[in-house]
Amino acid sequence: MTRIIEYTERNAEVERLDLACEELKVDEKESRLRAISLAATELAKKLQSSGLLCNTRSGATARALAQRRPNLPVLCSTDSARTAGQLAMVYGCYSFVVPALGDSSPEEIAAVARRMYADGLLETQDDKSAGGGFSPTAIYASEFNARISIVDLGKDGNDSPILRSETMRGESATEEPREETPPGSFVSERTYGESAGFHKKTVRDLGDISGKTVLEKVNFDVPLLDGQITDDLRIRAALPTIQYLLDKDAKLVLISHLGRPKGKVVPELSLAPVAVRLSELLGREVVFVPEIVGVRVQDAVANAVPNSVILLENLRFDPREEQNDAGFAAELAQDTGAEIFVQDGFAVAHRAHASIEAITHILPSVAGFLLEDEVANLTAAVENPRRPLLAVIGGAKIADKAPLLEKLVQIADKIAIGGAMANTFLKFKGFPVGASLVDEGADETIARTIQTAGDKLILPVDVVVADEINVDANVLEKRVDAVLPDDIILDIGPKTRELFANEIANAETVIWNGNLGYTEIDRFAAGSAAIAEAIGGATGKTSIIGGGDTAGFVLEYQKSHLGLNYTLISTGGGASLEVLSGMKLPGVEALQDR
């Protein structure tokens, strides 16, 4: 029998965890949440549990567990789809969304409980878990399959409550193996919600693909250190689409690039480590083929069965990939025997490469969930934002963000400028910037931005300066008019942090792209940390975190600062910039229209 600990501070289990805390002599300086998380994982080891189940609203509990878990799955029950998505993508948790029925009538709650019992999701019709927004029985009595399972309270044709969920398959938590849940009106195939503003066909439009070979473009360009993956966010972000296609019994062939091999075979940039990590995350074998096209690829696909995964070698080992070579795209389609192409590599969708653009002229091509979600959220933020709309823009080179600035001065209510970009603005306005980094030659863009934006533009009023860029530098906080010739501006100051935070508090939509200081050194990351805290700690806002360095910083900050939530942390740097700037992405435009 599988044993799963229910971890929630709302029941008696916490007493057992408190005892475990005492036995482990947890440091009193640790927060209660972290201490209990440590105790829970230790208790799980002692009980030989197969997983940890927690009830969480903001995600703080699950994040604390995920950071300490002893190679055990963390199951999360939450009534927030946003929290569920972040926990699944960022922390690799199994997230199960249940309805918050606090305002429902007893009759409605009873109807939901009866339906759950009829579908085998509750042990008894009297199980109170259905009425409290938390359904542990439903989670561990069902079987693992999807990374995110959604249960919500809807209305059927007779206007009575129904339950819709995506059953999770795997090792059952009951004494006897459960039969696979039969199809019915309560089963939802959604992992990501359908985006009304996305007008390309998606995997939902594919129909029956059982036994068909699907070629899927993903972005597995992950950081490596000594052959080990140091951040698997992009792999986890691709899981919903991968799992969806596998559930449809497709033969799945994944293609991606890694790094910049410049058309040559670079062993250190092989996707072999990615295949290993993907296999761990999916809980199944991933066949890695150390070729991109050719006989070995043909043989691997010929030997594959429905509901299987193949990962090919780094696309950019072949120079034809970046040349958008039609012949290379044709070889990919022919050697894999693909019948359908799925584009889910948002971070590279702004590139016109063979596996992004040319391939769509050969195979019927649709979007995956990640691509749809990113494009829809980013587009909505600039085309139909909840107001006031605040943009926080950092980074160094103004030239890289000139199109974005031009877009923002037209649509944003306020634009806060930080990072080295702010140095260039301050210098243009006559303030001293000392030995700080500035973007020479950007005067025309700055003049146009200042003139068009007017009082929308918010610049730093104080800064953090140092005499050199290292951890031992002498650091001072100064007004922007008091910077000396040898000073190097490396962060926004405390008054500016407060100024920006106040603007965030007043906004309904916040777009943040570009770090506000030299975040590689912690001493100069306070400004970016303050903004991450102000945005992530607010409730009810639409918050968009641009990809690249900003997303990397926020994700790392989230790990040690629990309870922060964001609408979207983009997996793409250049791609997110282009969407926010109103530009079209080749990898999206080439897909079939609805």
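Start by selecting Ile 417 and everything around it. This is a predicted model, and in it Ile 417 touches Ile 393, Leu 405, Ala 422, Phe 425, Leu 457, Ile 458, Leu 459, Pro 460 and Phe 500, leaving aside residues up to four places away in sequence.

Now widen the selection. Ile 417 is among the residues with the most contacts inside the largest nonpolar core, which has 47 residues. Phe 346, Leu 371, Ile 393, Leu 408, Ile 415 and Phe 425 are on that list too. Which elements each supply at least two residues of this core? Colour these: helices α11 (369-383), α12 (398-411), α13 (419-428), α14 (443-453) and α18 (574-580), plus strands β16 (389-393), β17 (414-417) and β19 (462-466). The biggest giver is α12, with six residues. Apart from this core lies another, of 31 residues; to find it, pick Val 203, Val 222, Ala 238 and Val 342, which are among its members.

Next stop: the sheet. Show the strands in the order β18-β17-β16-β22-β23-β24 and you have an open sheet of six, with parallel pairing. At the edges sit β18 (457-458) and β24 (568-569), each pairing on one side only. Zoom in on β17 and β18, which pair in the parallel sense over two bridges. Click Ala 416 and look across to β18: its bridge partner there is Ile 458.

Now pick α13. Is this helix largely enclosed or largely open? Eight of its ten residues are buried, so the rest of the structure largely encloses it. To see them, select Gly 419, Ala 420, Met 421, Ala 422, Asn 423, Thr 424, Phe 425 and Leu 426. Around these buried residues, the packing partners to display are β16, α12, β17, α14, β18 and β21 (488-492). Follow the chain just past the helix to Gly 430, where phi is positive, at about 95 degrees.

Keep α13 on screen and bring back α12. Their axes come within 11 Å and cross at roughly 85 degrees, which makes α12 roughly perpendicular to α13. Show side chains for the contact itself: Ile 398, Lys 401 and Leu 405 come from α12, and Met 421, Thr 424 and Phe 425 from α13.

Last, the aromatics; there are two aromatic pairs to visit. Select Tyr 244 and Phe 369 first. Their ring centres are 5.1 Å apart and their planes stand at 85 degrees, so this pair is edge-to-face. Tyr 244 belongs to helix α7 (residues 233-247) and Phe 369 to helix α11, so the pair ties together parts 125 residues apart in sequence. Check the surface here as well: Tyr 244 counts as buried at 7% relative accessibility, and Phe 369 counts as buried at 0%.

Then jump to Phe 553 and Tyr 557. This pair is stacked, with 6.0 Å centre to centre and 15 degrees between the planes. Both residues lie in helix α17 (residues 549-560), four residues apart, or about one turn of the helix. An α-helix has 3.6 residues a turn, so residues three or four places apart point the same way. Phe 553 is buried at 14% relative accessibility, and Tyr 557 is buried with a relative accessible area of 14%.

Terms used. Residues are numbered from 1 along each chain as its sequence is written. This is a predicted model: local features need pLDDT of at least 70, side-chain atom pairs count only at pLDDT 80 or more; totals for chains, interfaces and linings use all residues. Side-chain values use heavy atoms; hydrogens and water are left out. A nonpolar core is a set of buried Ala, Val, Leu, Ile, Met, Phe, Trp, Tyr and Cys residues joined through side-chain atoms within 4.5 Å. Buried means under 20% relative accessible area, exposed over 50%, partly exposed in between (1.4 Å probe, protein chains only). Contact means heavy atoms within 4.5 Å. Two strands pair if DSSP finds at least two bridges between them. Rings of Phe, Tyr and Trp (its six-membered ring) pair if their centres lie within 6.5 Å; planes under 30 degrees apart count as stacked, over 60 as edge-to-face and the rest as tilted. Axes are lines fitted to C-alpha atoms, for helices over the stretch in contact, and angles run from 0 to 180 degrees between N-to-C directions. Angles under 35 degrees count as roughly parallel, over 145 as roughly antiparallel, 65 to 115 as roughly perpendicular and the rest as oblique.
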